[in-house]
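This report describes the fold of a single protein chain and then turns to selected residues. Please consult the sequence and the model shown below while reading.

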Amino acid sequence: MIHIIRDRVTSKQLREMLEMLETYIKLAIDTEREILAGGGAMHADCEAVLLEDGSQQEFIWGADWNPSAQQVTFESLINIRPRQNNPSMEILDPKIRERVTEITVKLLGDV
């Protein structure tokens, strides 16, 4: 189940987002609005939910969240953006990585 998380995630939301992949959650993070969508089978599913909610694609980045390790990884097909100097599946810009981590930990960390 995909949830848009605007405030601290609840235990129930986290369990529902883990249903698809069990050990980690695919995320799309809007670094401008400081929200995320998580829980789909693909990062693009989460991205689509944020776009429908009014996010702009240029601010949405894909990542994964491993709640047991409290760790963010930065690899997703939605991150391939040559026009934004990101020709890789991995988020290359350290500032964007830091922002993605900050938002993810604030919304999903330590639950």
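Gln70 is partly exposed, because its relative accessibility is 29%; by the convention used here, buried means under 20% relative accessible area, exposed over 50%, and partly exposed in between, with a 1.4 Å probe and protein chains only. Gln70 lies in the loop between S4 and strand S5 (71-73). Although Gln70 is not a glycine, its phi is positive, at about 55 degrees. Helices (H or I, at least four residues) and strands (E, at least two) are DSSP runs numbered from the N terminus.

Glu34 also has a positive phi, of about 60 degrees, and is not a glycine. This residue belongs to the loop between S2 and S3. With a relative accessible area of 30%, Glu34 is classed as partly exposed.

**Basis of the model**

The model is predicted: local features need pLDDT of at least 70, side-chain atom pairs count only at pLDDT 80 or more, and totals for chains, interfaces and linings use all residues. Residues are numbered from 1 along each chain as its sequence is written, and side-chain values use heavy atoms, with hydrogens and water left out.

**Overall fold**

The chain contains 3 helices and 5 strands. Read from the N terminus, the order of its elements is β-α-β-β-α-β-β-α. The C-alpha trace spans about 40 × 30 × 20 Å along its principal axes.

Of the 111 residues, 42% count as buried. Contact means heavy atoms within 4.5 Å. Among contacts between residues at least 6 apart in sequence, 51% join residues at least 24 apart.

**Surface and charge**

The chain has an accessible surface of about 5,900 Å², and carbon and sulfur atoms account for 51% of that area. Accessible areas come from the Shrake-Rupley method with a 1.4 Å probe; for residues, only the protein chains shown count as cover.

There are 12 positive and 19 negative side chains, and the centres of the two sets are 2 Å apart. Lys and Arg count as positive and Asp and Glu as negative, while His and the chain ends are not counted. Each charge is placed at NZ of Lys, CZ of Arg, CG of Asp or CD of Glu.

In helix H1 (residues 11-18), the buried residues are Gln13, Leu14, Glu16, Met17 and Leu18. These buried residues pack against strand S1 (3-5), strand S2 (25-30), strand S3 (35-38) and helix H3 (94-108).

Met1 is placed in the segment before S1. Its relative accessible area is 48%, so Met1 counts as partly exposed. Beyond residues up to four places away in sequence, Met1 touches Glu16, Met17, Gly38 and Gly39. Met1 and Gln13 are 12 residues apart along the chain, and their C-alpha atoms are separated by 8.7 Å.

**His43 and Ala63**

His43 belongs to helix H2 (residues 43-52), and Ala63 to strand S4 (residues 60-66). His43 is buried because its relative accessibility is 7%. Ala63 is likewise buried, at 0% relative accessibility. The side chain of His43 reaches the backbone oxygen of Ala63 at 3.1 Å.

Apart from residues up to four places away in sequence, the contacts of His43 include Lys26, Leu27, Ala28, Gly62, Ala63 and Glu75. With neighbours within four places set aside, Ala63 is in contact with residues including Ile25, Lys26, Leu27, His43, Phe74 and Val100. Ala63 and Arg97 are 34 residues apart in sequence and 9.3 Å apart in space, C-alpha to C-alpha.

**Ala41**

Ala41 is located in the loop between S3 and H2. This residue is partly exposed, with 36% relative accessibility. Not counting residues up to four places away in sequence, Ala41 touches Met20 and Lys26.

Methods: Polar contact = N/O pair within 3.5 Å; in protein donor to acceptor, adjacent residues only side chain to side chain.
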